[in-house]
Amino acid sequence: MRAVVQRVASASVSIDGQTVGAIDRGLLILLGVAVGDTAEDGAWLAHKISALRVFSDAEGRMNLAVTAAGGRALVVSQFTLIASTRKGSRPSFNDSAKPDLAIPRYEDFVRQLEAALGQPVATGRFGAMMQVALVNDGPVTLVLDSRLRE
């Protein structure tokens, strides 16, 4: 699994003009599921994200995790994160998991993140054409990969 994690002042996801998920301060997580990803990948990623110290403490240092900072999380599926651009100009999505594998992995990740954070997680809708709006705070943007464990 690959995730782009952005510290946000606010974020929302809409489908056909209707907001389906929104948060104020917190983390926007764009999640891509690759062929061969397992529940263990999701568990590692959920734990890693829940523990990321990317929010400022009283001294202004990035030292707090999202819940310690009073934040929430919004997870949006994004199969294009797994794209390969090795050949030519058109991305290849051959390494992206098909929906029959990706949907359960995505749903497992959301449940694992909710457990790790101890609170509900807002989401988009898997496979839908979504519009994501965000106010990046910092900006702080990290890319995490469960296979590389970084």
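## Helix α2

Helix α2 comprises 19 residues, and its first and last C-alpha atoms lie 26 Å apart, close to the 27 Å expected at 1.5 Å a residue. The model described here is predicted.

The buried residues of α2 are Ala102, Arg105, Tyr106, Asp108, Phe109, Val110, Leu113 and Leu117. An α-helix has 3.6 residues a turn, so residues three or four places apart point the same way. The elements against which the buried residues of α2 pack are β3, α1, β6 (72-77) and β7 (122-123).

## Helix α1

Helix α1 runs over residues 39-51.

Within α1, Asp41, Gly42, Trp44, Leu45, Ala46, Ile49 and Ser50 are buried. The cover over these residues includes strands β1 (2-15), β3 (26-32) and β8 (131-145), together with helix α2 (99-117).

## Arg7 in strand β1

Strand β1 contains Arg7. Its relative accessibility is 9%, which means that Arg7 counts as buried, the cut-off being under 20%. The side chain of Arg7 reaches the backbone oxygen of Val54 at 2.6 Å.

Beyond its neighbours within four places in sequence, Arg7 is in contact with several residues, including Gly26, Leu27, Phe55, Ser56, Met62 and Val135. Gly138 is another of these contacts; although 131 residues apart along the chain, Arg7 and Gly138 have C-alpha atoms separated by 7.4 Å.

Technical notes:
Residues are numbered from 1 along each chain as its sequence is written. This is a predicted model: local features need pLDDT of at least 70, side-chain atom pairs count only at pLDDT 80 or more; totals for chains, interfaces and linings use all residues. Side-chain values use heavy atoms; hydrogens and water are left out. Helices (H or I, at least four residues) and strands (E, at least two) are DSSP runs, numbered from the N terminus. The expected span of a helix is 1.5 Å times one less than its number of residues. Buried means under 20% relative accessible area, exposed over 50%, partly exposed in between (1.4 Å probe, protein chains only). Contact means heavy atoms within 4.5 Å. A polar contact is a pair of N or O atoms within 3.5 Å; within protein, one must be able to donate a hydrogen and the other to accept it, and residues adjacent in sequence count only if both atoms are side-chain atoms.
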